Amino acid sequence: MSTADLVITGAHVRTLDPERPYATAVAVRDGLIAAVGEAADVRDWRGPATEVVDLGGGSLVPGLVDSHSHPVWGLDLATGTDLTGVRDLDGLRAALTSGERVDGWVIGYGLDHNVFGGRPVDRALVEDVLDGSPAFLRLYDGHSALASGAALKAAGITGPRAFAQRSHIAVDADGRLTGHLVEHAAMELLQPVLPRPSYADRRARLAGLLGAMAATGLTGAHVMDLGDLDLVGAVAEESALPLRLRFAPWCMPGADADDLAELVALQGRGGRHWQVGGAKFFMDGTVEGGTAWLDHPDCHGQGTDAFWPDPAAYSSAVRELHRAGVRTATHAIGDAAVRHVLDTVASLGPGGRLAHRVEHIESVPDELVGRFAQVGVIASMQPPHTRYTRADLSDEWSVRLGEERAARAWRLRDLRDAGAVVALGSDWPIAHYDARGVLATAREPRGAASSGAGLTGLQALEGCTSHAALAAGEAGVSGRIAPGLRADLTALGLDPVEAPADEVADAPVLLAVTGGHVVHRGL
């Protein structure tokens, strides 16, 4: 018998493998699970070079996966002054007054829409504390930003523009630029003039970020953008990536046959612990920004347009990629957006089952909940997003939707009970990447979703393991602890299924193993 590279003993192992649900020891060789059982079953796997880790009664589960994250693209989003703790306009003004200047710019991120207290997002509310400095403040949702007058001038923005996708530069009733840039195309106008970190800084930040993610128990992430593959490859050459990254590059409105062919050609590109696999679409924007595609207008009279001006073109692109064997993920928050994605996947026939997914799904009626399982569409959801809402429905998200639609917030449990596959993630940097927080808030949703039932402890764990594997088309190689599967493992100081949710959120992370490599050690 060959000897193992790693043997883990003294564990309460939840394998999520129906053939052997529980064990106390695991052996790992060449990046794969070699044996699962009791201490006696792995004794012969030990050799002179075998690393033996005794968990001392800790809980070992399949490696936790963030099913929706932006660890590379997010490096640029999460720069400058952290505004995630700002709660009101006075706090924002104080943060901007004392905030660090980057090459003369005021850069901020994580700004909550609720800070404006129901008022329109407008540079006039903060411009007097900037001393003329150009400012670019990203709203927490990643779909909008506030730019100062000096920033607009630097980018040559003097008025509204037409875009190929649903995006706009806001003006007030008098035609004055408010500085509110809504959706990607509008925000990208600032990119050429914004300060940009050096390559060395981005490389160091990426390595540090992935290490910090692993320290929360993460061993993988589904990356919902193309990121910077050269940067990822360079970091991966230095040492094994702490997280296994699976990239889904964007397919945007206006994509033609050549664009789709390029997406197909990208599939499979990768290296150690990273690979391109899938494509990401947007069917709408956000509720707070008025760009979620809804069956009926929101309470501001907005939200009736799809992100793709021609939704049929979206469906055609999905069908073309499906024929090429490319899995798709579609950002769809509003009920009309979700319905269109479900209809599109249904048109693919039986071959579309469990090959396509919807991201976010923030408010949907009963008839759409049941269709996920019926059509075989995977629900990819981010429980930490519920923290941006309030139980009394006084937050911007709830006010925009109105009470009836706000009461349908983040129907995690309803989707699971209806038989859908529900994969869980954080959407970092929109919410914190901590895997334990994802597990905890899936069981106890916050704000507008707090009146509904959360997932059970087991369902939450499955959302970050076996259901995440299904969402990536990798159920045959990951998501369980069984011989022959990837040796991606997470060890916590308590049982994430049985322990109370608030204790899971602060659970000690004893060990994280990715591809057989110990990437975090908290023992």
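How many nonpolar, polar and charged residues does the lining of the second largest cavity have? By class, that lining has 8 nonpolar, 5 polar and 3 charged residues, where Ala, Val, Leu, Ile, Met, Phe, Trp, Tyr, Cys and Pro count as nonpolar, Asp, Glu, Lys and Arg as charged, and the others, Gly among them, as polar. The model is predicted, with local features needing pLDDT of at least 70 and side-chain atom pairs counting only at pLDDT 80 or more, while totals for chains, interfaces and linings use all residues. Residues are numbered from 1 along each chain as its sequence is written, and side-chain values use heavy atoms, with hydrogens and water left out.

**Cavities**

- On a 1 Å grid over the protein atoms alone, a cavity is a set of points where a 1.4 Å probe fits but cannot get out, and lining residues have an atom within 4 Å of a point.
- Grid points are joined across faces, edges and corners, and a volume is the space filled by probe spheres set on the points.
- The count by this rule is 3 cavities of 30 Å³ or more.
- The largest cavity holds about 220 Å³ of space, and its lining of 23 residues has Asp141, His143, His331, His360 and Asp427 nearest the centre.
- That lining of the largest cavity divides into 8 nonpolar, 10 polar and 5 charged residues.
- The second largest cavity holds about 120 Å³; 16 residues line it, and Met224, Arg246, Gly277, Arg357 and Ala471 lie nearest its centre.
- Strands E16 (218-223), E21 (328-332) and E22 (356-360) are the elements that give two or more residues to the lining of the second largest cavity; helices (H or I, at least four residues) and strands (E, at least two) are DSSP runs, numbered from the N terminus.

**Pockets**

- A pocket is an open set of grid points with protein on both sides within 12 Å along at least five of seven lines.
- The largest pocket has a volume of about 720 Å³, and of its 31 lining residues Asp76, Leu77, Arg138, Gln191 and Arg196 lie nearest the centre.
- Two or more residues of this lining come from each of helix H2 (73-77), strand E11 (105-111), strand E12 (135-139), helix H5 (184-187) and helix H6 (199-214).
- The lining of the largest pocket has 14 nonpolar, 6 polar and 11 charged residues.
- The second largest pocket has a volume of about 570 Å³, and Thr84, Arg387, Tyr388, Ala431 and His432 are the closest to its centre among 24 lining residues.
- In the second largest pocket the lining has 12 nonpolar, 6 polar and 6 charged residues.

- Axes are lines fitted to C-alpha atoms, for helices over the stretch in contact, with angles from 0 to 180 degrees between N-to-C directions.
- The axes of H6 and helix H7 (residues 229-238) come within 10 Å and cross at roughly 60 degrees, which means that H6 is oblique to H7; angles under 35 degrees count as roughly parallel, over 145 as roughly antiparallel, 65 to 115 as roughly perpendicular and the rest as oblique.
- H6 passes H7 in a right-handed crossing; a crossing is right-handed if the near helix is turned clockwise from the far one by less than a right angle, and left-handed if anticlockwise.
- In H6, Tyr199, Arg202, Arg203, Leu206 and Ala207 meet Asp230, Leu231, Val232, Ala234, Val235 and Glu238 of H7, contact meaning heavy atoms within 4.5 Å.
- This contact of H6 with H7 has 7 nonpolar, no polar and 4 charged residues.
- Helix H9 (residues 311-323) and helix H10 (residues 335-346) have axes that come within 10 Å and cross at roughly 40 degrees, and H9 and H10 are therefore oblique to each other.
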